[in-house]
Amino acid sequence: MARRTLQQKLAILSDAAKYDASCASSGTTRRDARQGGIGSAGGTGICHAYTPDGRCVSLLKILMTNFCIYDCAYCVNRVSSNVERARFSPEEVVGLTLEFYRRNMIEGLFLSSGIIRSPDQTMGDMVRIARMLRVEHGFRGYIHLKTIPEAAPELVAEAGLLADRLSVNIELPQDQSLRRLAPEKRPETIRAAMADMRLAREAAGESSFRGKRPPRFAPAGQSTQMIVGADATPDREILRTSARLYAGYDLKRVYYSAFSPIPDASATLPLVKPPLMREHRLYQADWLMRFYGFDAEEIGAARPDGNLDLALDPKLAWALAHRGDFPLDVARASREQLLRVPGFGTRTVARILAARRNGPLRYGDLLRMGAVMSKARPFVTLPDWQPGALTDSAGLRARFAPAPEQLSLFG
């Protein structure tokens, strides 16, 4: 096989990394080039690029290699796949990261990898990359490492001291699906790795008896990702899994990635990818669980099949299914009640609570506070607004659902 150029490797391995959605750069201020070195995890001088589907990409997002010894049915880089392969050396990844940063194109590195030879060797190379950047080159930018659950604990421990964020993918929302589609991986090993990360982060926050704090471990926390649509798991079960992960492992984010059909796919996989809107609705539902006081059960109960309504956002779908709780008097409703009003965000609710101490609020006041009154109107009462029969009207859902489209007869 002909030796590939660095540019050819970059084309192959950046494209191979596009299936990993958990590449947000957030949550750390501990490293700053004003103290010496190069780069910063925040601040000015960062250019953000946007992918065609709207994701913000401000990291050099690559795989170290797309060679892999595992044969996960849903993965394009599985050992039985005939995709074009490439592999970076640790020195090449370091050089690319520094050069992209100097060109003001990124704020850091998101590094994942296929498993080549063994989990320990692969994880060791990834740790070596982070060590070279931090120690040899004084790099202060953001580093996110995708850890390998089967790797030795000491390698993951060192990774947490060098990286800002660590993540390990649970990959599929149900254990039985992972065992069926990725028989070489064990859900228990993945969860054990996540538990170890949580314990390491908690230990890093405790002072010794002399008051000295240990080195920070993955200060931006840990995240995970699950593939949506590779199995028949309904959205309610996906959200239940996310809720357990947030509660049990103190995750910063759960990312959802719509399954994309791959070449030479197993017959056990669906032939058609799920709509990207399903992925979007799951993110909205995830936001409701994290910031609006909803739980997975009530979000998933809006439809009998346990799936989210693709035509309506989850909060609006919930409100339409619980019209008996509305309309709310904005002057008297609690914070928890106001957070359930469609069109009211967390900031809007905070402004309402602060402003109503000074007197009654009117329709125009809510507009100025940022409320989306086109959604909120049927669910609230104000001194100058009463929804009347609108709240219980049979055609209320049709007001919010997109208009039906005539399908083309010619594909």
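Helices and strands here are DSSP runs, numbered from the N terminus. I keep that in mind for every label below. The model I am reading is predicted.

**Entry 1: Ser113**

I looked up where Ser113 sits. It is in the loop between β4 and α3. Is Ser113 buried or exposed? Its relative accessibility is 15%. Buried means under 20%, so Ser113 counts as buried.

Next I asked which residues Ser113 is in contact with, leaving aside its neighbours within four places in sequence. I found Leu63, Met64, Thr65, Thr122 and Met126.

**Entry 2: the strand and helix on either side of the loop**

I followed the chain back to β4, which covers residues 108–112. Strand β4 is joined to β5 (residues 142–146) by four bridges. The two strands run parallel.

Then I went forward to α3, residues 119–136. This helix lies across β4 and β5. Its direction is at about 170° to β5.

**Entry 3: the sheet**

I traced the sheet that holds β4 and β5. How many strands form it, and in what order? There are six, in the order β3-β4-β5-β6-β7-β8. The sheet is open, and the pairing is parallel. At the edges I noted β3 (59–63) and β8 (253–258). Each of these two pairs on one side only. From one strand to the next, the twist averages 20°.

**Entry 4: helices α7 and α8**

I turned to a helix pair. Two packed helices are described by the angle between their axes and the distance between the axes. I looked up both values for α7 (residues 235–249) and α8 (residues 276–291). The axes come within 11 Å and cross at roughly 45°. That angle makes α7 oblique to α8. The crossing is right-handed.

Which residues meet here? From α7 I listed Asp235, Ile238, Leu239, Ser242, Ala243 and Tyr246. From α8 I listed Arg278, Leu282, Ala285, Asp286, Met289 and Arg290. I sorted the contact by class: seven residues are nonpolar, one is polar and four are charged.

**Entry 5: the whole chain**

Last, I stepped back to the protein chain. It has 15 helices and ten strands. The chain has 411 residues, and 50% of them count as buried. I also checked contacts between residues at least 6 apart in sequence. Of these, 69% join residues at least 24 apart.

How values were computed: Residues numbered from 1 in each chain as written. Predicted model: local features only at pLDDT ≥ 70, side-chain atom pairs only at ≥ 80, totals over all residues. Heavy atoms only, no water. Axes fitted to C-alpha atoms, helices over the stretch in contact; angles between N-to-C directions. Parallel < 35°, antiparallel > 145°, perpendicular 65-115°, else oblique. Left-handed = near helix turned anticlockwise from the far one by under 90°. Contact = heavy atoms within 4.5 Å. Nonpolar A, V, L, I, M, F, W, Y, C, P; charged D, E, K, R; others polar. Pairing = 2+ DSSP bridges. Buried < 20%, exposed > 50% of the residue type's maximum accessible area, 1.4 Å probe, protein only.
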